[in-house]
Amino acid sequence: MSTLDAERALLEDVHLQRFSVTYDYPVWFTRDLFDPGNPILLDAVARQEPERRHRAVVFLDEGVANQLPDLARRIERYAQAHSQQLELAGPVHLVDGGEAAKNDYDIILNLLRRLQSLAIDRQSFVIAVGGGAVLDMAGFTATICHRGVRHIRVPTTVLSQNDSGVGVKNGVNAFGQKNYLGTFAPPFAVINDSAFIDVLPGRDKRAGMAEAVKVALIRDRSFFEWLEAEAEALARFDVRALDILIRRCALLHMRQIAHGGDPFERGSARPLDYGHWSAHKLETLSGHELRHGEAVALGIVLDARYSVLCGLLEPGQEERVWQLLRRLGFRLWHETLEKRVSDGSRAVMAGLRDFREHLGGDLTITLLEEIGVGVEVHKMEEDLVLKSIAWLRQHEAQG
Ligand SMILES: NC(=O)c1ccc[n+]([C@@H]2O[C@H](COP(=O)([O-])OP(=O)(O)OC[C@H]3O[C@@H](n4cnc5c(N)ncnc54)[C@H](O)[C@@H]3O)[C@@H](O)[C@H]2O)c1
Ligand SMILES: [Zn+2]
């Protein structure tokens, strides 16, 4: 380039900045992660710098600790047994489990203070062991600390192993809205340990299956048919069937994130959030009495009926969805569906506004064209939503 050209280039009014960053993280499936003979956690922390000794802090979901009272000690013993490679910066730290973890900023501030007092830096690790709520909160905390401390997720529920834990989102609730604060920040690694599922209460095992029905409905008809075939085994929490469900569902979520073209959801579509516009609202309206997965089951069947009423889905297919969810043991009615706000309108309808505002741009809702095929629409008719709710109520009454 001549001096003149260089000078001209320098004087351009606009210079486009462009770079890309590749993300990769392993998702392991294992059993007894904290058995000293299991090398996976060491492999995870050493993934980029095998020679170093790595510092980590462990945040443990209290609900898991209650089920497994010796777990904190086992984690500490694991680190002692591998002290050449792994150092725990402090004792295992217990955090409230369930949605409470996402509803109280003091928890985040306490964790941040703890990270600071332990001199956790960006090369260190936050290892979060727990359900989706604890992982969302701990991941958020890690990603705002020093603008991003590496985090490793050890999901302990069906839902977090097959959906939330393998994804790229972290967040907490604020101002009455789910996930109002949050970050898109991929984990450093994810380790699914099937032993945690053994001690998970049936209610939570079931709740996590809703996300599998969801992703099957929009992406994979053969998975839906498999769920129908295995419904009885799944309803009694058969270990093999549940393990297959978790793996298939996790891989479908991973595929969508990697190959769906919008991993950080910059557009207005939320392809994996079928059934979620109402689910998020119902969770909040129920004061989190409804688990996320239970609300998703309601949202799924509501939008399946809506898909029929608006002419997208063949009549009868919504019955199939209803039947499957019932056979899995879901209750497909909740009083909050009929809750009204002061102007007399249905409270759940505000879920559409929240959904749109979360992303901006056009409202984009995924509905069903067929079982296994989702389709995006940009409008939902209130009277058809109300008819879908009435249909749900009628079905509930008929049992
Ligand atoms: N980040 C995402 O992409 C994403 C996706 C879907 C859902 N989520 C979020 O995940 C959360 C729901 O997660 P969840 O369904 O895992 O429930 P949860 O985290 O609320 O856990 C439910 C209960 O089970 C306990 N628990 C966890 N593991 C246990 C175990 N192995 N044994 C016994 N008890 C155990 C917890 O302490 C809690 O009391 C919601 O906040 C939802 O918004 C996030
Ligand atoms: Zn969900």
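**View 1. Tyr23 sits in the loop between α1 (3-10) and β1 (27-30).** All of these views come from a predicted model. Tyr23 counts as partly exposed because its relative accessibility is 48%, a value between the 20% and 50% cut-offs.

View 2. Glu211 and His276 link distant parts of the chain, 65 residues apart. Glu211 belongs to helix α9 (residues 202-219), while His276 belongs to helix α13 (residues 276-285). Are Glu211 and His276 buried or exposed? Both are buried.

**View 3. Ligand 1 has 26 residues around it.** Asp61, Glu99, Gly132, Thr157 and Lys178 are the ones that come nearest. Now zoom in on some individual atom pairs. In the side chain of Glu99, an N or O atom is 2.7 Å from an oxygen atom of ligand 1. Lys102 places a polar side-chain atom 3.0 Å from an oxygen atom of the ligand. With Val199 the backbone takes part: one of its N or O atoms lies 3.4 Å from a nitrogen atom of ligand 1. How much of ligand 1 does the protein bury? Taken alone, ligand 1 exposes 870 Å², and the protein buries 89% of that. The elements giving two or more residues to the shell around ligand 1 are α3 (62-67), α6 (132-144) and α9.

**View 4. Asp32 has a positive phi although it is not a glycine.** Its phi is about 55°. To find Asp32, follow the loop between β1 and α2 (40-45). With a relative accessibility of 36%, Asp32 counts as partly exposed.

**View 5. His146 is a residue other than glycine with a positive phi.** What is the phi of His146 near? The value is near 55°. His146 is found in the loop between α6 and β6 (150-155). Since its relative accessible area is 45%, His146 is partly exposed.

Methods: Residues are numbered from 1 along each chain as its sequence is written. Chains are lettered from A and ligands numbered from 1 in the order in which they are written. This is a predicted model: local features need pLDDT of at least 70, side-chain atom pairs count only at pLDDT 80 or more; totals for chains, interfaces and linings use all residues. Side-chain values use heavy atoms; hydrogens and water are left out. Helices (H or I, at least four residues) and strands (E, at least two) are DSSP runs, numbered from the N terminus. Buried means under 20% relative accessible area, exposed over 50%, partly exposed in between (1.4 Å probe, protein chains only). A residue is near a molecule or strand if one of its heavy atoms lies within 4 Å of it. A polar contact is a pair of N or O atoms within 3.5 Å; within protein, one must be able to donate a hydrogen and the other to accept it, and residues adjacent in sequence count only if both atoms are side-chain atoms. Accessible areas come from the Shrake-Rupley method with a 1.4 Å probe; for residues, only the protein chains shown count as cover.
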